[in-house]
Amino acid sequence: MRAKIGNKMVEVWQISHQPISESWVRQSFEKKLLSWHQIYPDDLLVNAPWSVSIGKIGDYLIKDGNQISLITQQQFDKTYRLAN
C-alpha cells in the first residue's frame, strides 16, 4: 500500500494478521527485522540495531527509502493520505 505525506509517496503497511501482500514486509519478516511477540500475539516487534519498538494491530509501518518507522493509527490519520 502507498500513502502520501505532503508531496512524497511512501510504502505503508497497517499491522494486521491478514495475509501480507507487501513484499518489503515479507522480506522484513524473513530477515528477522519484524516478528510477532510470542506471549502477546497482537504485538509486532520491530528490531533495530539499537532498540526494539512494539507496534499494535492497527498501527502502521512506514517505509521511506531504506528506513522503516512505526507510527500509531492516530498519527497516520493526521499526517498521511492513502494513495489510490
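Leaving aside its neighbours within four places in sequence, which residues is Ser 16 in contact with?

A: This is a predicted model, in which local features need pLDDT of at least 70 and side-chain atom pairs count only at pLDDT 80 or more, while totals for chains, interfaces and linings use all residues. Residues are numbered from 1 along each chain as its sequence is written, and side-chain values use heavy atoms, with hydrogens and water left out.

Once neighbours within four places in sequence are set aside, Ser 16 is in contact (heavy atoms within 4.5 Å) with Trp 36 and Ile 57. Ser 16 sits in the loop that runs between strand 2 (8-14) and helix 1 (23-30), where helices (H or I, at least four residues) and strands (E, at least two) are DSSP runs numbered from the N terminus. A polar atom of the Ser 16 side chain lies 3.2 Å from the backbone nitrogen of Gln 18.

Ile 15, with neighbours within four places again left aside, is in contact with Trp 36, Leu 44, Gly 55, Lys 56, Ile 57, Gly 58, Asp 59 and Leu 70. Ile 15 also belongs to the largest nonpolar core, which has 9 residues, among them Trp 13, Trp 24 and Leu 44; such a core is a set of buried Ala, Val, Leu, Ile, Met, Phe, Trp, Tyr and Cys residues joined through side-chain atoms within 4.5 Å, and buried means under 20% relative accessible area (1.4 Å probe, protein chains only). Helix 1 and strand 4 are the elements that give two or more residues to this core, and the largest share, 3 residues, comes from helix 1.

Definitions and conventions: A polar contact is a pair of N or O atoms within 3.5 Å; within protein, one must be able to donate a hydrogen and the other to accept it, and residues adjacent in sequence count only if both atoms are side-chain atoms. Buried means under 20% relative accessible area, exposed over 50%, partly exposed in between (1.4 Å probe, protein chains only).
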